[in-house]
Amino acid sequence: MAVQKIRWYLSAQLGVLLLPSGICLVGEAITRRTLQEVALLNQMVSPAGPWFWYGTFGLICVTAGVGLMVESGLLRGYPRQGRLPTSTPGR
């Protein structure tokens, strides 16, 4: 049971860390793409790097983070020792 709790905790925390990291990477890709467009308009060498891969990896992180958080929170919740009764008969 302890292994299941640790696995649940790690997957939930990994999801919480992946979501904002992915959002930051997508923002970085947007910034690099904008700088590249400005540089092309000014006939300069592009200062931006591979913005496409930043965006792709960012979207992968966002999707994985949301998936891990949903899987750990909505489907199972915090792992408990036993089940609590949902309702009492006769009330």
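Visitor: Why is Phe52 called partly exposed?

Guide: In this predicted model, Phe52 has a relative accessible area of 47%. Buried means under 20% and exposed means over 50%, so a residue at 47% is partly exposed.

Visitor: How do you know which class Trp51 belongs to?

Guide: The relative accessibility of Trp51 is 28%.

Visitor: What makes Trp53 count as exposed?

Guide: Trp53 has 59% relative accessibility. The cut-off for exposed is over 50%, so Trp53 counts as exposed.

Visitor: How many aromatic pairs does the structure hold?

Guide: There are two aromatic pairs. Trp51 and Phe52 form an edge-to-face pair, 6.3 Å centre to centre with 80 degrees between the planes.

Visitor: Why is the pair of Phe52 and Trp53 called edge-to-face?

Guide: A pair of aromatic rings is described by the distance of the centres and the angle of the planes. For Phe52 and Trp53 the centres are 5.0 Å apart, and pairing requires centres within 6.5 Å. Their planes stand at 80 degrees; over 60 counts as edge-to-face, so the pair is edge-to-face.

Visitor: What links Trp51, Phe52 and Trp53 into a cluster?

Guide: Ring pairs link Trp51, Phe52 and Trp53.

Visitor: How many helices and strands are in the protein?

Guide: The protein has two helices and zero strands. Of its 91 residues, 20% count as buried.

Conventions:
Residues are numbered from 1 along each chain as its sequence is written. This is a predicted model: local features need pLDDT of at least 70, side-chain atom pairs count only at pLDDT 80 or more; totals for chains, interfaces and linings use all residues. Side-chain values use heavy atoms; hydrogens and water are left out. Helices (H or I, at least four residues) and strands (E, at least two) are DSSP runs, numbered from the N terminus. Buried means under 20% relative accessible area, exposed over 50%, partly exposed in between (1.4 Å probe, protein chains only). Rings of Phe, Tyr and Trp (its six-membered ring) pair if their centres lie within 6.5 Å; planes under 30 degrees apart count as stacked, over 60 as edge-to-face and the rest as tilted.
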